Amino acid sequence: MELHMEYYLVISTIMLFAGIYGFITRRNLLAVLISIELILNSVDINFAVFNRYLFPEQMEGFFFTLFAIGVSACETAVAIAIIINIYRNIRNIQVKNLSEMKH
Amino acid sequence: MNFLSLFVLIPILSMCGLFFSKNLQQIRVAVATGASLLLVLAVGLVFAYLGERGAGNTAEMLFTADTMWYAPLNIHYSVGVDGISVAMLLLSAIIVFTGTFASWKMEFLQKEYFLWFYLLSIGVFGFFISIDLFTMFMFYEVALIPMYLLIGVWGSGKKEYAAMKLTLMLMGGSAFLLVGILGIYFNSAGTGMPSMNLLEIAHSHAMPLALQRWFFPLVFIGFGVLGALFPFHTWSPDGHASAPTAVSMLHAGVLMKLGGYGCFRVAIYLMPEAAKELSWIFIILTGISVVYGAYSAIVQTDLKYINAYSSVSHCGLVLFAILMLNQTAMTGAVMQMLSHGLMTALFFALIGMIYGRTHTRDIREMGGLMRIMPFLGVCYVIAGLASLGLPGLSGFVAEMTVFVGAFQNTDTFHRVFTIIACTSIVITAVYILRVVGKLLYGKVVNDHHLALTDAVWYERFSTIVLILAITGIGLAPLWLSDMISGSLQSLISMLH
Amino acid sequence: MEYTTLILILPLLTFLVLGLLGTKLKPFTAGCIGTLSLAVVVLLAYSTAWQYFSIPRVDGVHAPVIPLNFEWLRFTQYLHIDLGILLDPISVMMLVVITTVSFMVHVYSLGYMHGERGFQRYYAFLSLFTFSMLGLVVATNIFQMYIFWELVGVSSYLLIGFYYTKPEAVAASKKAFIVTRFADLGFLIGILLLSYYTKTFSFEILTSGDASIFTGAAGTTFMGCSVISWAMALIFMGGAGKSAMFPLHIWLPDAMEGPTPVSALIHAATMVVAGVFLVARLFPVYYLEAPDVLVLIAVVGAVTSLYAAVVACVQTDIKRVLAFSTISQIGFMMVALGVSGMDGHAGLGYMASMFHLFTHAMFKALLFLGAGAIIHAVHSNEMSHMGGLRKYLPVTHITFLVACLAISGIPPFSGFFSKDEILAAAFMFSPVMGVVMSFIAALTAFYMFRLYYNIFWGKESAHEHTPHEAPKFMTLPLVFLAVVTLFAGFIPFGKFVSSNGQEYIIHLDWSVAITSVIVACISIALATYFYRKANPIPDRLATTFSGLHRAAYRRFYIDEVYLFITKRIIFNCISRPIAWFDRHVIDASLNGLASMSQWVSYNIRGLQSGQVQQYAYVILFGTILILILVLI
């Protein structure tokens, strides 16, 4: 069976919207973070797929994907550090409780 | 460097001095030196000006200097004075001087207080020496902002509310003003490079009447807010009531004159045709101001409110006279600015001194103070008599010049409003005598007041300086009125 | 005659010295400084008068002399206020009157005010008043007169309120100032109108009789009267205010709260006749340009005179009686001016008015100073506390009697001569006016003798301590003024003062003279019958006509009308609503603007919730919306 490009794209689209849905609806910071990872990963897949299928002789897509994975890893590390700190401070990581800095 | 810039430089230097002073003694030395230098400079300027005019110099502005500031927009720092600005500078110097002494015994944060006070005076002096619209507007804003802090921090009563209200209303006014000034700027030279210079704009006559009609009301209202134009005057009672003594003095004495001076120098001088066409609207408003302020003052019970409403009435007369658009009335307007500045400063100084002793400003809670503090009582009576226009004091010459001038306009509209404005002299007598009768005469209402003392040296000093200025103008007004009316020639020729 | 400048400068200097150094000086020293400087002024004034009238006449008139005139304030090319000294017959006459009475009052006050708190201040104010009053009469132009007019107003205010801890005195001083100020508003507008059309303030030009200066106003009318008439009527309003003409008279009776010598000086002899002087000063303008106003003046004068005479008959406070009598006599002077003509015999009224001003100043000052001596003796103003005082106060009694006879018009006292001329002039004008004025003259004699008998005769009331005659400082002026009153009538007044400046020969109109003397005698006899001994008739009359009596005693409720206007209308119906309007409409609308912007920002701040998820939601749907809009 031939793997068409569309199969990948369908999966990445599902991942993207699942990520957005999760980002908007989840109240737990970790779940929000995972949703962001979903969005980023769906974009990574797209980069790789477009590169593989449309411009097989070039490598920019793969490199960009690698960069994005690296950046998102850093970002996740920072975000988890913040979340841990928040948890230490208020024993809670629910979004609705984080209104301390709003005012 | 032009010596007019000293008017800005001296306050800056005193601010530096203040910044480095370590104790109350040094602070006082710094402020007293600065204020005295300013007064000496202003008196010197009067003599220099009269000497120059006497020597036959007929230029419209004397001692002019011009420095390019921002070439792409043609903004200059240009200074120059004519008789009117000289009079206003003298007034400001006297008020700053006496105000400094009136706040000699400031209780807390003296250094910061005087810093703001001198920043305010930079704005005031800068405004009067500028002949460039941009610098004028800049100094105007410099004068407005410190007021917020001075009232908000050092004031009394509902000070935050009053400070906020005053600042917002005056800022609202200057928003109008900015639009007006930009309008003048972009229409100042037809197709050439737009100019900010007052003289250039006035002599180019480039602005079409259709546009003047739009920008004249904006500028007039913008400055009119500061000149307590009805119905934009309500900042004045609250603001004055909450402000500390010296700030009330400076504000009513000088800052409100910025409004009158601006109306004259920017609105009418630059847009004479529109002024002629639209003056009737503002004559109605100012006519209302004059009578309305006086009637409101009759029923007030707080000394500062009475005086604030009386200021509305007297400053209304200034704008009223300016709008009469003839030489005599305008001379009267400037004299009224001077006279009102001096006597209202005297009033506020005295009220501050009385309040500092009795801790109340409600006239129903005081009485018979004449016997307890004769010096302050006599000064208050003198201030009151000046306010109701006793000959020999400054109020009389100013009011009479205004009335005679206003009466030279023959049509019924002007005549009727002149007579309406004249009636204010009776109402003024009513509220002044009511206060004097309740406050100073009669029986002592509160027994604690019997232990109070009369004025001390610095209080006596500042009131005596003010009284001398008031009687000086009242007894020998001719040099002043000649100086002012001589400077009005070019404007009058533009109006006809 | 440059030294006349000193007449003005000396009192001013005295005022400054006493005002600034007053508390450092001993009271008596201060009094002496004031009195001595005024003594010099008196001498200077007499010498001025002597020298002025010895200048030979030019064309039969005493030409005006202007020893000093300088520009003080310039309004326009034509209109400028000058300060100067104008000497002409009436101003010289006024100089003499004012300095004489003022000097008498200064001397008298040394005794009367002895031991009072604020003695130095009192003399300072007296000097200020004398200065302003002298400046008023020598004014060279109408604006200078207005300046000094205001100054006398203020000195009167200060002197009425001299006892400033007494609420009545404070109220009275306030009332006097405000009422006259209101009248001055008319004066000011009148000046503005007159000067606009004639292009001058100067009396010399205005009264030159030259009709060409009024051509500017030709054809300008307002409500059927020429604009000059309006101007002159408004100027008269100023004069009516100072001279306490009906209905602006209400301040004068209350002004009696001031020290009695002040009442003698300001509210009897000098300041209150300023209105008469003003009309006399501008008489040619009135006569030539505004004859209708002259009639108005005559009518106002007659009404005032009648009103005041009626009220005076029932007052019980002796100073009040004298105050109303003053109002009534000033009414006489106004009537005389109003009925006067310009030339020859027609100018009788003018001459009579000035003559009466002169004699009245003397005998009314005498009456007030006498009243002061009485009050000094019994410490009360009420007639009921007096009676039978002739034994204790012989000097006061005799001098008071002289003054009463003078004011009633009994020959040979001075009042007879001047009042008789006024009656003659009134009869010349119209018989009705003559009869009315004669009736008022009869009333005058009646109430003056009612006063006299109630004070000096009748039942003696209980005194806490025996009344005693006043000290020398007080009796000397009384005697001097009584002597003047005795002989002043024989001055050939017409030689000095007349309407057109020509010499006026006084002829006694025998029929008028005899009638008026008979009428006065009848009135005096009636008063003697009623009041010399306890007599029930006055009380019975008072109960029979109780309504009229009460109305007259309450001065026909004019004060209440004013109180209603000021308290109810101005205070409650204008000022309060305006103050309310200011706070609750104008200020509230601005506050409303502020709270509206606050409300708006409060309501839209929900958009900036700080919830990132909400932002993402909005971004998402916003993007979708834009996509849809773009694609469609």
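1. What pattern does chain A follow, read along the sequence? The pattern is α-α-α, and the tally for chain A is 3 helices and 0 strands. Helices here are DSSP runs (H or I, at least four residues) and strands are DSSP runs too (E, at least two), numbered from the N terminus. With a radius of gyration of 17 Å, well over the 13 Å that the globule rule gives for 103 residues, chain A is more spread out than a compact globule. That radius is taken over C-alpha atoms, and the rule is 2.2 Å times the number of residues to the power 0.38.

2. Some housekeeping before going on. This is a predicted model, where local features need pLDDT of at least 70 and side-chain atom pairs count only at pLDDT 80 or more, while totals for chains, interfaces and linings use all residues. Residues are numbered from 1 along each chain as its sequence is written, with chains lettered from A and ligands numbered from 1 in the order in which they are written.

3. On confidence: the model scores ipTM 0.91 and pTM 0.88. Chain C averages a pLDDT (the predictor's confidence in each residue, from 0 to 100) of 85, and 100% of its residues score at least 70.

4. Back to chain A for its dimensions. Along the principal axes, its C-alpha atoms fill a box of roughly 50 × 25 × 25 Å. Buried residues are 13% of the 103 in chain A; buried means 20 or more other C-beta atoms within 10 Å of the residue's own, exposed means 12 or fewer, and partly exposed is in between, with C-beta atoms placed from the backbone. Of the contacts in chain A with a separation of 6 or more, 47% join residues 24 or more positions apart. A contact is two C-beta atoms, placed from the backbone, within 7 Å.

5. Now the interfaces. For the classes, Ala, Val, Leu, Ile, Met, Phe, Trp, Tyr, Cys and Pro are nonpolar, Asp, Glu, Lys and Arg are charged, and the others, Gly among them, are polar.

6. Chain A meets chain C through 5 residues on each side. The chain C side of that contact has 3 nonpolar, 2 polar and no charged residues. Chains A and B do not touch, and their nearest C-alpha atoms are 22 Å apart.

7. Chain C is divided into domain 1 (290-553) and domain 2 (560-631), with bounds from an automatic or database domain assignment. Taken over C-alpha atoms, their centres are 70 Å apart.

8. One helix to look at is H18 (residues 431-456) of chain C: its 26 residues reach 37 Å from first C-alpha to last, close to the 38 Å expected. The expected span is 1.5 Å times one less than the number of residues. Because 21 of the 26 residues are buried, H18(C) is largely enclosed by the rest of the structure. Gly458(C), which follows H18(C), has a positive phi, near 70°.

9. Finally, Leu288(C), in helix H12 (residues 283-289) of chain C. It counts as partly exposed, with 15 C-beta neighbours inside 10 Å. Leaving aside neighbours within four places in sequence, Leu288(C) is in contact with Gly209(C) and Ala211(C). Met342(C) is 54 residues away along the chain, with its C-alpha atom 8.9 Å from that of Leu288(C).
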